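Good morning, colleagues. Today I shall speak about salt bridges; please look at the display before I continue.

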Protein chains: 2
Amino acid sequence: MAVGLGTLPTLHPVAGFRIGTTSAGVKTPGRKDLVLMEIAAGASTAGVFTLNQFCAAPVKICQQHLQQGMPSYLVINTGNANAGTGKTGYQDALDVCQAVAEVTGIAVHQVLPFSTGVIGEKLPKERIIDAIPAAFDALTDDGWLEAASGIMTTDTRPKAYSMQLEHQGQKITLTGISKGAGMIKPNMATMLAYIATDAQVEPALLQKILSRAADRSFNRITIDGDTSTNDSCMLVATGASGIAVSETTTELLAAFDAAVNKVLLELAQAIVRDGEGATKFVTVSVEQAASSEEALKTAYAVAHSPLVKTALFASDPNWGRILCAVGYAGIDNLDVDGLQIWLGEACIVENGGRAESYTEAAGQAVMSREEITIRIVLNRGDQQETVWTTDLSKDYVAINADYRS
Amino acid sequence: MAVGLGTLPTLHPVAGFRIGTTSAGVKTPGRKDLVLMEIAAGASTAGVFTLNQFCAAPVKICQQHLQQGMPSYLVINTGNANAGTGKTGYQDALDVCQAVAEVTGIAVHQVLPFSTGVIGEKLPKERIIDAIPAAFDALTDDGWLEAASGIMTTDTRPKAYSMQLEHQGQKITLTGISKGAGMIKPNMATMLAYIATDAQVEPALLQKILSRAADRSFNRITIDGDTSTNDSCMLVATGASGIAVSETTTELLAAFDAAVNKVLLELAQAIVRDGEGATKFVTVSVEQAASSEEALKTAYAVAHSPLVKTALFASDPNWGRILCAVGYAGIDNLDVDGLQIWLGEACIVENGGRAESYTEAAGQAVMSREEITIRIVLNRGDQQETVWTTDLSKDYVAINADYRS
């Protein structure tokens, strides 16, 4: 049911970053569900995490460990979120870190844990710990694709992106993977993403670049408005290319920043394209807003409206539902006579009602496509925001009504 | 698919209030789709309306006409919302009012118009105007049930409630009808409600009583989070009983206030019970909040979560989704270790995770019911709020994906 872009690009290995994927049988025997990522010494790592106050035990530990120093290993399991598990869950995640640390004799805070899957069930840590040696044995430079599959939950396909930047005859590589599917909403989702680059970047700058890029990508996608307990997005800069990116290398910094943005946006949009039950990939763009905040409010009102989303699923140009959502977005003194709403290239609303030039055939032509853009021109200022979402299909309900069975 | 309460109580006529229902063929030939309500001279009328900034033409006219004096007629059509129709729609609604006014020679501002149905299509005003004489001919004291059917859109059954108050050997009657089904969310929905009483109440006091009651009933129900362009709730006090309710009749005022609350709550809950595709009637109650606002934020986060709603549809005690929604409700410094979440009589969350006493069987027993209460005890203060909602079923998507066809 995923929308568009079925083939993955070539996934370039990143020097200084190895990945091992194996099976721990967390939920399904034989399923590859455990991923270990090894980071070379001297690398910088940055992370952004869910804002859900019931954040999972591994998320808490990631944040604590990151404050104690740079990590050497990331350990990720699927099949169990280890969220809503209280103190036991916290200890379980710590025990997994300890098991990884013991293999190479590092400190426990040099290991960051990640979990995704069902909320509220005890983590079967013994199975994970037993499988850690196999994950070490599997470590390889070329493990991206297998890891992209290894972190999937209800995803129907692996998500990955990779690109290279030229700099003075040398190359910087960026490669990343993500998983998502349901519970996708701003401020992260049950969304995991891991991006590595061989550029050399100080931790503080790397964090700044990551936070900004996540805000423009992972924090601008929404499938069902739920924000998960486990979302994490990690950016690792191994430095193995020997090319240093810093505040003083202005041009290189801009190019690197743009590349990180590009990789995150591709990974975020891939999550929307594979949203649970998705049959449409929808871009909601709000222009001429008085503030970024009101642009986002308007965009999310449209992107979250179940009535708009079911009309998208039906390929029905029921534009009145879009107008209605804009009307209740919570913008004071909305200029209802001055604003415009566009469905693809068709203007659907102007002068407070249906545009005179609009025809059902024009709306139908846009709605029949797999990729649809809704553009709202508020006529109130010069701010602009874009969010990406999906339709709401019968399959979404079926998937989520059956998820635990 | 509606949940519970299939039979209507006896609908007492209200002296001074007559209703005529007829067929104008607005959308479906032969369908009873036009309702005229006649209010005796000397009555008070109060109204509350949608906050959607793209509010429909009839809503604007209602508000303007109410400022010019008390109405003598309410005229309601289903099959077309006359929303998003710009200046033409405004004139069309005014022309319908004019046609009603001409029959008895009153001023146009003494007529209030209401429309519900598809947004954005031109009102077929000629058909409505042609049917007005038949609506006058149909006027009767006993027209409540027929009117309850006449205002339905995707409702599967009429909604009505009626009760009588004893006061010093005399009776005050309150009778009302409502319609809803989809697009139901706080600050009104495509929700129409008409309540009449033969008590005698000054307009200002009546408005105060209505606003407060609507806030505790119609503004506390949500099906899909959409707020429609057309919502209106009208309360008419004809005074025909001769019993005056005022600020000085303290005891009577309290009883009358409670009765209005009761009627509105019954009508509002009837809308939820008949929500599009509803298979569950869900009460979400938040206790021990620091403020009413945070109680509502928490309740709506749970009530709007598609993941919670699909779990309700599946009768799946996937309590982690409720915990997750509470976690992202936007409450700063949530006491995750001190709060409790209850599913019916089963405590599901305490001490930051699954309650020790919880068993899947206990959760399953609650979830299998048609009527379910989710209770969240925030441990932060003494404020409490309750909202009512439904599950999200495959039929919801089917109904809304097919609505225009």
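Glu266(B) is partly exposed, with a relative accessible area of 22%; in these terms, buried means under 20%, exposed over 50%, and partly exposed in between, using a 1.4 Å probe and protein chains only. Its salt-bridge partner is Lys262(B), at 2.9 Å from N to O. By salt bridge I mean a side-chain nitrogen of Lys or Arg within 4 Å of a carboxyl oxygen of Asp or Glu. Lys262(B) is likewise partly exposed, at 35%. Both residues belong to helix H6 of chain B and stand 4 residues apart, about one turn of the helix. Helices (H or I, at least four residues) and strands (E, at least two) are DSSP runs, numbered from the N terminus.

A word on the basis: this is a predicted model, in which local features need pLDDT of at least 70 and side-chain atom pairs count only at pLDDT 80 or more, while totals for chains, interfaces and linings use all residues. Residues are numbered from 1 along each chain as its sequence is written, chains are lettered from A and ligands numbered from 1 in the order in which they are written, and side-chain values use heavy atoms, without hydrogens and water.

Over all chains, the structure holds 32 salt bridges. One of them joins Arg273(A) and Glu371(A), at 2.5 Å from N to O. Arg273(A) lies in helix H6 (residues 250-273) and Glu371(A) in strand E17 (residues 371-377), both of chain A, so this pair ties together parts 98 residues apart in sequence. Arg273(A) is buried, at 7% relative accessibility, whereas Glu371(A) is partly exposed, at 39%.
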